[in-house]
Amino acid sequence: MPSAVVSSQGAVAVLRFGRVAAMGTVAVLILIAGVWASWGTAHHVMLTKGRESGTIEVTRCGADTCSGLYTPVSEGSRARESVVVEKSVAVRKGQTYTVVVKPGSDDVVRSGPAGVLYAWVPMGGALLLASIVVAGGLRRTRLAWVMAGSGVALLTAAFVTI
């Protein structure tokens, strides 16, 4: 074989490896960011042992938060005149929601299936975004479809549950 053909094949292999390494890194970083964004809320909802749990009756809503009366359900939890929950499409004035109190504060997050799914919504978005990188950059279409399907399923389940 002529040396020009061999060096051309070597260059193609190096470029292919570079593309796979770069796109793989981007996809992994997107997924890590999705877990990081979700875990801030999810660990309160999923790891409830030893945490105060109860219900909030939403009485006031501002631009970013809603507040209301906290009624304890778990043993050792104390009633509070006002706790704060993040305002979202899932929280409405006059409704009552099951919540978990963030340790050392009067902030609460929704609990139960709706709270868990809502906490993992950023991960659903990350799965959708990473699936594009996996399909286009890594050319792994089956894996990309699985990732996209998982992201859509997670987002749909959160939408339906909330």
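Modeller: Happy to! A pocket here is an open set of grid points where a 1.4 Å probe fits, with protein on both sides within 12 Å along at least five of seven lines, and its volume is the space filled by probe spheres set on the points. Please keep in mind that this is a predicted model.

By that definition, the largest pocket has a volume of about 320 Å³. The elements that each give two or more residues to its lining are helix H1 (3-46), strand S3 (80-86), strand S5 (107-110), helix H2 (112-119) and H3. In total, 21 residues line the pocket, and those nearest its centre are Thr-41, Glu-86, Val-108, Val-109 and Tyr-118.

Let's turn to the strands. S3 and S5 run parallel and are joined by two bridges. Val-108, one of the residues nearest the pocket centre, is the bridge partner of Val-85. Val-85 is also the bridge partner of Cys-66, and strand S2 (residues 65-72) pairs with S3 in the antiparallel sense over five bridges.

S5 has another neighbour in S4: these two run antiparallel, with three bridges between them. Here Val-109, also among the residues nearest the pocket centre, stands opposite Val-100. S4 and S5 form a hairpin with five residues between them, and Gly-104 in the turn has a positive phi of about 75°. Going on from there, strand S4 (residues 96-101) pairs with strand S1 (residues 53-61) through five bridges in the antiparallel sense, and Thr-96 in S4 stands opposite Glu-57.

Now for H3, another contributor to the lining. This helix covers residues 121-136, and its 16 residues reach 23 Å from first C-alpha to last, close to the 22 Å expected at 1.5 Å a residue. The buried residues of H3 are Met-123, Gly-124, Ala-126, Leu-127, Ala-130, Ser-131, Val-133 and Val-134.

Ala-144, Met-147, Ala-148, Gly-151, Leu-154 and Ala-158 are buried in H4. Viewed down the helix axis, these buried residues fall within an arc of 125°, so they line one face of H4. On the other side, Arg-142, Trp-145, Val-146 and Val-160 are exposed.

Technical notes. Residues numbered from 1 in each chain as written. Predicted model: local features only at pLDDT ≥ 70, side-chain atom pairs only at ≥ 80, totals over all residues. Heavy atoms only, no water. Helix = DSSP H or I, 4+ residues; strand = E, 2+ residues; numbered from the N terminus. Expected span 1.5 Å × (residues − 1). Buried < 20%, exposed > 50% of the residue type's maximum accessible area, 1.4 Å probe, protein only. 1 Å grid on protein atoms, 1.4 Å probe; cavity = no way out; pocket = protein on both sides within 12 Å on 5 of 7 lines; lining within 4 Å. Pairing = 2+ DSSP bridges. Arc of directions from axis to C-beta.
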